[in-house]
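This briefing goes through the pockets, the surroundings of a ligand and the confidence of the model shown below. Please keep the sequence and the structure in view while reading.

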Amino acid sequence: MTDTQKVNLLGLSPDKLIEFFESIGEKKFRATQVMKWIHQKGAESFEEMTDVSKKLRAKLEDICEIRAPEIVSQNISNDGTRKWVIRTAGGGNNCVEAVLIPDGERATLCVSSQVGCSLDCSFCSTGKQGFNRNLTAAEIIGQVWIAIKSFGPMDHNGPRRVTNVVMMGMGEPLMNFEPVVDAMTLMMHDNAYGLSKRRVTLSTSGVVPRIYDLVKRTDVSLAISLHAPNNQLRNELVPINKKYPIEELLAACQHYLDNLPDKRHITIEYTVIAGVNDQEHHAHELAKLLENLECKINLIPFNPFPNSGYEKPSNNQTRRFQKILADAGYTVTVRTTRGDDIDAACGQLVGDFLDRTRRSDKYIELKQVTDN
Ligand code: SAH
Ligand code: SF4
């Protein structure tokens, strides 16, 4: 069997791994053993799996592999922020980024789900790049695997190196549904990364039917990229709104919360763009719009990039916007900047992309998204 035909075990969800072992005539518990080796101990070869018989190791060697995506670069900022540029299968410019933002006891990893994005939000540099391709489950969970391994040998009982994951890197996770669900299942599984469902967050611009599908498959936390308090403005900023308008999106959010086994809130993300959606009347309209939804609001000052046609709001304007919402009773956080000193390096490294500058600005204060 050639390498290209080998099954990559890195991306198999717990169920699929069991299915795989059964399909090759092995017992279920082997799947658990191998899953722990890969995800908890960071094994890269079957040789390392000392509690698996030599015979089975040789068999696995023959028909499968543990293949993480290739790391093009790793940057560590003075403030501890780590950023990886990862080349996905297909080579060339098929790169995505993962960013880890430490904060005290917490470390939040921002994970990509697609190379590029097809949804073309008017203020997003990934959208401007267009859609290239979906990541596989191995390439998605591989970002977590790489981030944890970057700290040295993995020890599941040691201090946790990644405590939170947000699907807020490149791409729209709900447009790559199955691989994203498989990867998130591994993030939360006790025999893999064991993260709490409150600490794994999927961010979507509002692919409404997939929100209904999502709650049948998983119970991760949900963040919604709203960015506008009415359909007219949202149609301009987030074109998928023309297909799934705000009322349908908020109904889907309510359905999601109602079908979770525990009490949770939705995180509403609102990129604040100078002169576009940052006026006081927008804040009042937003406060009214969300009055029946259990939610917290995260304001993200627009991060400019060349030819975006938009501008960053002033701090004062953002604070005014925040205050109106806070006075209306909402918990509102505002992003601050981290990892500044590695942005330039990263911008150069992914310079092959169109309009890709200072992307990590938009990952900032991810901790607030996952503060529960
Ligand atoms: N596709 C998903 C997840 C990736 S984008 C989504 O849209 O939710 C993660 C967040 O960054 C989204 O809220 C997105 O709207 C925001 N964002 C994108 N470009 C930005 C920019 N230039 N400045 C500030 N926030 C931006
Ligand atoms: Fe895609 Fe999200 Fe960017 Fe919109 S904001 S283009 S959905 S990555």
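Which helix contributes the largest share of the lining of the second largest pocket? That share, three residues, comes from helix α11, which spans residues 315–327.

**Second largest pocket**
- The space in the second largest pocket amounts to about 160 Å³.
- Eleven residues line the second largest pocket, and those lying nearest its centre are Pro301, Asn315, Arg319, Val334 and Arg335.
- Sorted by class, the lining of the second largest pocket holds five polar residues, together with three nonpolar and three charged ones.

**Largest pocket**
- The largest pocket has a volume of about 340 Å³, and of the 19 residues lining it, Asn8, Arg67, Thr136, Ala138 and Glu139 are the closest to its centre.
- Helix α5, made up of residues 137–149, supplies the largest share of the lining of the largest pocket, namely three residues.
- Both domain 1 (3–65) and domain 2 (70–365) take part in the lining of the largest pocket, each providing at least three residues.
- Seven charged residues, six polar residues and six nonpolar residues make up the lining of the largest pocket.

**Surroundings of ligand 2**
- The residues around ligand 2 are Cys117, Leu119, Asp120, Cys121, Cys124, Gly127, Gly171, Glu172 and Ser205.
- By class, the shell around ligand 2 comprises four nonpolar, three polar and two charged residues.

**Confidence of the model**
- The average pLDDT of the protein is 88, and 87% of the residues reach a score of at least 70.
- Over residues 342–372, however, pLDDT stays under 50, although the model has 99 contacts beyond four places in sequence for this segment.
- Where pLDDT is low, predicted coordinates should not be read in detail.

Conventions. Residues numbered from 1 in each chain as written. Chains lettered and ligands numbered in written order. Predicted model: local features only at pLDDT ≥ 70, side-chain atom pairs only at ≥ 80, totals over all residues. Heavy atoms only, no water. pLDDT = per-residue confidence, 0-100. Contact = heavy atoms within 4.5 Å. Near = heavy atom within 4 Å. Nonpolar A, V, L, I, M, F, W, Y, C, P; charged D, E, K, R; others polar. 1 Å grid on protein atoms, 1.4 Å probe; cavity = no way out; pocket = protein on both sides within 12 Å on 5 of 7 lines; lining within 4 Å. Points joined across faces, edges and corners; volume = space filled by probe spheres on them. Helix = DSSP H or I, 4+ residues; strand = E, 2+ residues; numbered from the N terminus. Domains from an automatic or database assignment.
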